[in-house]
Amino acid sequence: MIIILVGAPGAGKGTQSDILRERLGMLHISSGDLLRDNVKRGTELGKIATKYMVDEGSLVPDDLIIDMITHRLAMPDAESGVLLDGFPRTVPQAEALDDALDLKGKMVNAVLYIKVEDDVLINRLSGRWICKTCGHIYHEKFAPPKVPGVCDIDGGELYQRPDDTRETAVKRLVVFYNQTRPIIEYYRERGLLQEVNGDQTVEKVTQDLLDCLR
Ligand code: AMP
């Protein structure tokens, strides 16, 4: 099973992926997490990616991302099924994924689009806090931790992603509409796209996503 989660930044892809990975027992591959790991380890890819991710809020070039993801998909743990989050984000990436899967006799099975209005997205992105230890996502207004700056689950320190400022959030949304929206049509034309309203409780969004996979 190859499932793709699509949504604008702040739509809840990360939160839902964490839940779905557990509920479905699937490997979760997030292109953003892979890139942030490269940035942390100071790899060549990480150094190049930083410029796009933080300084500009724009997309990392297709060839670098396609290379990174196809390598990850070729690992043995990806054999039995993958939940893709944040990839593909452009039509060339979607085409490259189809080609890579085709070579293995596989294909994309479902594309789930988590849809949320822009004003909601901007508010969500600019108040987001993440646990350094377990990655749980909080929001200072909509889902605050019991103690500010401290994770409810494991007591870890909370941090804000450098690209979660209001200014970068707006830029990331523009990038989503210009570059990622076309993949929604790409998958709709192929009969793979299903839409879910992302402006509901986390539990309801999860339920709607699971219903799409029935
Ligand atoms: P995310 O965690 O998915 O919001 O991704 C954070 C940032 O990583 C994005 O704003 C992009 O700069 C970069 N990025 C993640 N996935 C991709 C992708 N598939 N193509 C290009 N850039 C990406």
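How many disulfides does a search of the whole structure find? The search finds 0. The points below take the structure piece by piece.

1. **Ground rules.** This is a predicted model, in which local features need pLDDT of at least 70 and side-chain atom pairs count only at pLDDT 80 or more, while totals for chains, interfaces and linings use all residues. Residues are numbered from 1 along each chain as its sequence is written, and side-chain values use heavy atoms, with hydrogens and water left out.

2. **Cysteines.** A disulfide is a covalent bond between the sulfur atoms of two cysteines. Here it is counted when a pair of cysteine sulfur atoms lies within 2.5 Å. Cys-134 is in no disulfide, and the nearest cysteine sulfur, that of Cys-131, is 3.8 Å away. Cys-134 is partly exposed, at 38% relative accessible area. Cys-212 is buried, at 16%. Buried means under 20% relative accessible area, exposed means over 50%, and partly exposed lies in between (1.4 Å probe, protein chains only).

3. **Helix α4.** Helices are DSSP runs of H or I with at least four residues, strands are runs of E with at least two, and both are numbered from the N terminus. Helix α4 covers residues 62–73 and has 12 residues. The expected span of a helix is 1.5 Å times one less than its number of residues. For α4 that gives 16 Å, and the end C-alpha atoms are 16 Å apart, which agrees.

4. The buried residues are Ile-65, Ile-66, Met-68, Ile-69, Arg-72 and Leu-73. They cover an arc of only 165° around the axis, so they sit on the same side of α4. That arc is taken from the directions from the helix axis to the C-beta atoms. The face turned away from the buried side carries the exposed residues Asp-63 and His-71.

5. **Ligand.** The ligand is surrounded by 16 residues, and Ser-31 and Arg-89 are among the closest. A residue counts as near if one of its heavy atoms lies within 4 Å. Helix α2 (residues 31–41) gives the largest share of this shell, 4 residues. A polar side-chain atom of Ser-31 is 2.7 Å from a ligand nitrogen atom. For a polar side-chain atom of Arg-89, the distance to a ligand nitrogen atom is 2.9 Å.

6. **Asp-199.** This residue is in the loop between β8 (193–197) and α8 (202–212). Asp-199 is partly exposed, at 44% relative accessible area. Asp-199 and Ile-114 are 85 residues apart along the chain, yet their C-alpha atoms are separated by 8.7 Å.

Methods
Polar contact = N/O pair within 3.5 Å; in protein donor to acceptor, adjacent residues only side chain to side chain.
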